[in-house]
Amino acid sequence: MIDKMKKIAVLTSGGDAPGMNAAIRSVVRTCAYYKIDCVGVYRGYDGLLDADFVALDARSVRGVINKGGTFLKSARCKRFMTPEGRKIAYDNLTKAGIDGIVLIGGDGTFTGGLVFNSEYGFPVMGIPGTIDNDINGTDRTLGYDTALNTAVEAIDKIRDTAHSHDRLFFVEVMGRDVGHIAINAGIGAGAEEILVPEEDMGIDRLVESLERSKKSGKTSSIVVVAEGDKIGKSVFELKDYVDENLEEYDVRVSVLGHMQRGGSPTCYDRVLASRMGVKAVESLMEGKSNYMVGTIHDKMSLTPLEEAIKGKTKLNKELIRVSDIMTT
Ligand code: ATP
C-alpha cells in the first residue's frame, strides 16, 4: 500500500439506488480502519462545486446500512459538465486537502469522473450504484437485487387482484435500455409474457400469445413490460391495443415507477456494498485511479472506467428461453 492517501472523499450521484448508504458506510469505515480521514460530499457533483463537505468517522455511519436512498443525497449537476465548473470542484477539493474520491453512481457519474481526472489527474474510483444493472465490468450493480425483489413483491400483489377479477395486467418495471429487471422479475413472479427492449416480439404475436393462454384456461394474466420496451410507445398504448383486439380480457395497467428505487437494501446489496467500499478505498491507497470496482464471478474486480461506461450489459439469452418455456 502507498501511504499517499491521507484524506478521501465520497459522493453519491445520478439516480439513487438501495445500498448507496451501505457503500458510503463501507468507504467511511475502511478509511477509519486505515486511519485515513474521510469526507462526505453532499448532493453529488453539486456538493463538490459548493464545497458542501462533512467530516465522517466510523460512528457517523451507524444505523445506515439498512436504509434506502443516500444520506449524502444525490443530484444531477449541469455545472460539472463545464470546464469552469470542474475547475471550481478541483479548487475546493485541493483546498480541503482531499487526495482521492470515491464516486458512487452510474455511467454518467463515471464519465464525469473520467473527464475530471483527464483534466486534473485527480484520483477517482467508481462504485456502480444503479438499479438497472446495466454497467459493464460487474456481475451486479448496487441496488439491482433490492429493486428486483421489490418488483417481484409488487407483481405478486398485483396478481392477487388480477386473479380475483379475471384481469390482464400490464406491469411496467424500470429498464429504459436493458431488460434485466423485467426478465428476472417476470420469471420470478411467474408472468405470462415479458417484454424487454432487447427483443421486439411484435404486438400481434403478443396478442396471439394472450389469446392462446386464454384458450388454455387462464383467466388472469400478468405481462411484465420494461419501460424501454419497443412494441408500443408506452404501456398505456399496449393496453389500448389489447383492449381493442382482445375483447375477452379486462385490461389494466400498473406502473411500478420510483418505488423500485427505494426501500431497505437486501442482504445481497448490503454485502456487495460493503465489499465494494473496501475495494475502492484499498485501490486508491494502492495508487490506482480511473477504475470501477465490481464483482466478476463473485470475485472482486477492477474495470477501467472507460470500459465500464462503454455500451450496456447484455441480457442473458438463456433467461429469455427459460421464460418462453415457463409461459407454455
Ligand atoms: P443513472 O444511471 O442512475 O442515471 P448516472 O450516474 O448515469 O446515474 P447521470 O445523471 O447521467 O447519472 O450523471 C450524473 C452526473 O454526472 C451528471 O449530473 C453530471 O454532473 C455528471 N456527468 C455526466 N456526464 C458528464 C460529462 N460528460 N462530463 C462531465 N460530467 C458529467
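This report describes the fold of a predicted model, from the whole chain down to selected residues.

## Overall shape

The protein chain has 11 helices and 11 strands. Its radius of gyration is 22 Å, close to the 20 Å that the globule rule gives for 328 residues, so the chain is as compact as a globular protein of that length. Along the principal axes, the C-alpha atoms fill a box of roughly 70 × 35 × 30 Å.

Of the 328 residues, 53% count as buried. The accessible surface comes to about 14500 Å². Carbon and sulfur atoms account for 50% of that surface. Contacts reach across the sequence: among those between residues at least 6 apart, 76% join residues at least 24 apart.

At one end of the order, strand 2 (residues 37-41) and strand 3 run antiparallel. They are joined by 4 bridges. Cys38 has Leu56, in strand 3, as its bridge partner. In general, strands of a sheet pair through backbone hydrogen bonds, either parallel or antiparallel.

Leu272 belongs to helix 9. Its relative accessibility is 3%, under the 20% limit, so Leu272 counts as buried. Which residues does Leu272 touch, not counting those up to four places away in sequence? They are Arg140, Thr141, Leu142 and Thr295. Lys157 is another matter: 115 residues separate Leu272 from Lys157 in sequence, and their C-alpha atoms are 28 Å apart in space.

## Ser26 in helix 1

Ser26 is in helix 1 (residues 20-33). Is Ser26 buried or exposed? At 5% relative accessibility, Ser26 counts as buried, because buried means under 20%.

The side chain of Ser26 reaches the backbone nitrogen of Val278 at 3.2 Å. Leaving aside neighbours within four places in sequence, Ser26 is in contact with Ala273, Ser274, Gly277 and Val278.

A second topic is the open sheet of 4 strands, ordered 7-8-6-9. Here the pairing is parallel. Strand 7 and strand 9 (250-255) stand at the edges with a single partner strand each, so one side of each is left without a neighbour in the sheet. The twist averages 20° from one strand to the next.

Strand 6 and strand 8 run parallel and are joined by 6 bridges. Val173 stands opposite Ala226 in strand 8.

## Helix 6 and its cover

Helix 6 lies across strand 6, strand 7 and strand 8. Relative to strand 7, helix 6 runs at about 170°. Which residues of helix 6 (residues 180-188) are buried? They are His180, Ile181, Ala182, Ile183, Ala185 and Gly186.

The cover over these buried residues includes helix 5 (144-164) and helix 11 (317-326). Strand 6 (167-173), strand 7 (193-195) and strand 8 (221-226) also contribute to it. Just after helix 6, Gly190 takes a positive phi of about 70°.

## Gly202 in its loop

Gly202 sits in the loop between strand 7 and helix 7 (203-215). With 23% relative accessibility, Gly202 counts as partly exposed, because that class runs between the 20% and 50% limits.

How far apart are Gly202 and Lys230 in sequence and in space? They are 28 residues apart in sequence. From C-alpha to C-alpha, Gly202 and Lys230 are 8.5 Å apart in space.

Notes
Residues numbered from 1 in each chain as written. Predicted model: local features only at pLDDT ≥ 70, side-chain atom pairs only at ≥ 80, totals over all residues. Heavy atoms only, no water. Pairing = 2+ DSSP bridges. Helix = DSSP H or I, 4+ residues; strand = E, 2+ residues; numbered from the N terminus. Buried < 20%, exposed > 50% of the residue type's maximum accessible area, 1.4 Å probe, protein only. Contact = heavy atoms within 4.5 Å. Rg over C-alpha atoms; globule rule 2.2 N^0.38 Å. Areas by Shrake-Rupley, 256 points an atom, 1.4 Å probe, with all protein chains shown as cover. Polar contact = N/O pair within 3.5 Å; in protein donor to acceptor, adjacent residues only side chain to side chain. Axes fitted to C-alpha atoms, helices over the stretch in contact; angles between N-to-C directions.
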